[in-house]
Amino acid sequence: MSWLDIWFLALALSVDAFVVAFSYGLVIKKQKGRSGLKIAFATGSGQFIMPVLGWFGARTIYHQIEQVDHWIAFFVFLMLGLKVITDSLKSCECQNKLDKTLSLKVLFLIGLATSIDAFVSGSMLYFVKAPVWSSAAVIGLTTFACSCIGFNFCRIFKKFPTKWLEISSGIILIGLGCKILFEHLSA
């Protein structure tokens with residue numbers, strides 16, 4: 001997996017964090033700068049930690065499944081991509097349900113909820129022999145940046161439909177799965 005692939009993966013994984021930060025940017029009125037950084041730190045940290053956990057988890061079972069690892073990676077990325085696309089097509093009034101106070105509990109839940117797919121992606125990083133720490137750093141830093149951008153974009157793009165961003169990230173995930181499968185089958 002090339003560094004460009006890892007960066008595309010990071011972008012795809014950070015879309016959830018972007019959307020959450022965008023939504024919070026619409027509802028939080030006080031201490032906007034500090035609140036945006038808190039959300040970005042929570043999502044970036046989650047997106048850094050979860051791929052590492054997934055990578056080490058996959059390492060423990062790799063020898064049992066190494067003959068079919070490329071198929072597993074393909075199906076996992078396919079399922080993640082389809083889930084992201086399906087979730088984006090469901091109607092949701094997320095802005096009205098948000099807790100406007102950013103307590104440690106809320107920040108932890110935001111970080112966890114936006115990084116579960118990064119756990120699975122981390123296991124795929126092991127199967128494609130990508131370096132875990134630098135890949136996780138790229139994913140975490142990209143998510144941090146995308147969350148900051150999302151939080152502040154709400155001022156400009158209040159009417160922009162975020163579902164198109166989510167659909168794009170789903171397509172990227174499916175594309176990465178297809179690329180991994182193609183590379184293994186053509187080798």
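Biologist: Which helices each supply at least two residues of the lining of the second largest pocket?
Modeller: In this predicted model, α2 and α5 each supply at least two residues of that lining, where helices are DSSP runs of H or I with at least four residues, numbered from the N terminus. Local features here need pLDDT of at least 70, side-chain atom pairs count only at pLDDT 80 or more, and totals for linings use all residues. Residues are numbered from 1 along each chain, and side-chain values use heavy atoms, leaving out hydrogens and water.

Biologist: And where does the largest share of the lining come from?
Modeller: From α2, which gives seven residues.

Biologist: How much space lies in the second largest pocket?
Modeller: About 260 Å³, a volume being the space filled by probe spheres set on grid points that are joined across faces, edges and corners. A pocket is an open set of points on a 1 Å grid where a 1.4 Å probe fits, with protein on both sides within 12 Å along at least five of seven lines, and lining residues have an atom within 4 Å of a point. Of the 13 lining residues, the closest to the centre are Ala42, Ser45, Leu107, Phe108 and Gly111.

Biologist: Changing topic, at what angle do the axes of α2 and α5 cross?
Modeller: The axes of α2 (residues 32-65) and α5 (residues 104-113) cross at roughly 45° and come within 8 Å, with axes fitted to C-alpha atoms over the stretch in contact and angles running from 0 to 180 degrees between N-to-C directions. That makes α2 oblique to α5, since angles under 35 degrees count as roughly parallel, over 145 as roughly antiparallel, 65 to 115 as roughly perpendicular and the rest as oblique.

Biologist: Which residues in α2 meet α5?
Modeller: Lys38, Ile39, Ala42, Thr43, Gly46 and Met50 in α2 meet Leu107, Ile110, Gly111 and Leu112 in α5, contact meaning heavy atoms within 4.5 Å.
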